[in-house]
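Please look through the structure below with the following explanation at hand, which moves from one residue to the next.

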Amino acid sequence: AAAGKLLVVPVDGSHWLSMRELLDMLQQKGHEVVVVAPEVSLQIKPSKSFVVKTYPVPFTKEEMDDVF
């Protein structure tokens, strides 16, 4: 974070909701934030505050929704 760049690998759920607010604040202070997340996620979505890079997972959104 001292170099102005931050790589984040979050966990979906309440942990992410708290972290997202922090990432928004860091971006406002001039940091470049990249979030690495699965392509199927409950709450991790793109934002103007950070770049999201996704990776493939072996299930679809529908399959995940059925489990929950």
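Is Glu62 buried or exposed? Glu62 is exposed, because its relative accessible area is 53%, where exposed means over 50%, buried under 20% and partly exposed in between, with a 1.4 Å probe and protein chains only. This is a predicted model, in which local features need pLDDT of at least 70 and side-chain atom pairs count only at pLDDT 80 or more, while totals for chains, interfaces and linings use all residues. Residues are numbered from 1 along each chain as its sequence is written, and side-chain values use heavy atoms, with hydrogens and water left out.

Glu62 belongs to helix H2, residues 61–67; helices (H or I, at least four residues) and strands (E, at least two) are DSSP runs numbered from the N terminus. Between Glu62 and Asp12 there are 17 Å from C-alpha to C-alpha, and the two are 50 residues apart in sequence.

Asp12 is also one of the residues that Ser41 touches, together with Lys61 and Met64, when residues up to four places away in sequence are not counted (contact means heavy atoms within 4.5 Å). Ser41 sits in the loop between strand E2 (32–38) and strand E3 (51–55), and it counts as buried because its relative accessibility is 4%.
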